[in-house]
Amino acid sequence: YREWRMTVFENGEWQSGLPLPGTTTRVFKDSFGRMISNVLSFEQMDAEHGSSSAAVVYRNADGETAFAMASRDPQTDADVETWNVAKPIVALTKANVQMRAIRDSTGTAAALVFNIKKAGVQRLYLWQDGAFRPVN
């Protein structure tokens, strides 16, 4: 999973899907050690300081859109970050899930806002302190 990719023209040929200089490749594994290839959204909880925890929205092998917390593997090398995704907190069939972090002045994610669309219904949910909170 990369946020950005680039295309270059070298030796008379185009090459696409290359990483931008300075970006990091992220590899995601589920609780069984299987690779997660379809990551829809990724938010590090403390982006300024390279946090070891993150929130991930992804499509699992069953076709469900899932939300889970992930932790960075400390044995990660400089070019590839390996993230271990815990058991999904929410997994929905035929749903569109968008996630945004609400950050404080230090860059730490204080909460997450979810926009979930399913079967013509759209709702907003707030995730804070490890649980969904009512939005009143």
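Analyst: A residue is called buried here when its relative accessible area is under 20%. Keep in mind that this is a predicted model.

User: OK, what percentage of the 136 residues count as buried?
Analyst: By that cut-off, 31% of the protein chain's 136 residues are buried.

User: And the accessible surface, what does that come to?
Analyst: About 8800 Å² for the protein chain, with 49% of that belonging to carbon and sulfur atoms.

User: How many helices and strands in the protein chain?
Analyst: Zero helices and 13 strands. Read from the N terminus, the order of elements is β-β-β-β-β-β-β-β-β-β-β-β-β.

User: Of the contacts between residues at least 6 apart in sequence, what share joins residues at least 24 apart?
Analyst: That share is 36% in the protein chain.

User: Switching to holes. How many cavities of 30 Å³ or more?
Analyst: The count is one. The volume of the largest cavity is about 50 Å³.

User: Which residues line the largest cavity?
Analyst: The lining consists of Val 57, Thr 65, Ala 66, Phe 67, Val 90, Leu 92, Val 97, Phe 114, Ile 116 and Phe 132.

User: Where does the largest share come from?
Analyst: From E7, which gives three residues to the lining of the largest cavity.

Note on methods
Residues are numbered from 1 along each chain as its sequence is written. This is a predicted model: local features need pLDDT of at least 70, side-chain atom pairs count only at pLDDT 80 or more; totals for chains, interfaces and linings use all residues. Side-chain values use heavy atoms; hydrogens and water are left out. On a 1 Å grid over the protein atoms alone, a cavity is a set of points where a 1.4 Å probe fits but cannot get out, and a pocket is an open set with protein on both sides within 12 Å along at least five of seven lines; lining residues have an atom within 4 Å of a point. Grid points are joined across faces, edges and corners, and a volume is the space filled by probe spheres set on the points. Helices (H or I, at least four residues) and strands (E, at least two) are DSSP runs, numbered from the N terminus. Buried means under 20% relative accessible area, exposed over 50%, partly exposed in between (1.4 Å probe, protein chains only). Contact means heavy atoms within 4.5 Å. Accessible areas come from the Shrake-Rupley method with a 1.4 Å probe; for residues, only the protein chains shown count as cover.
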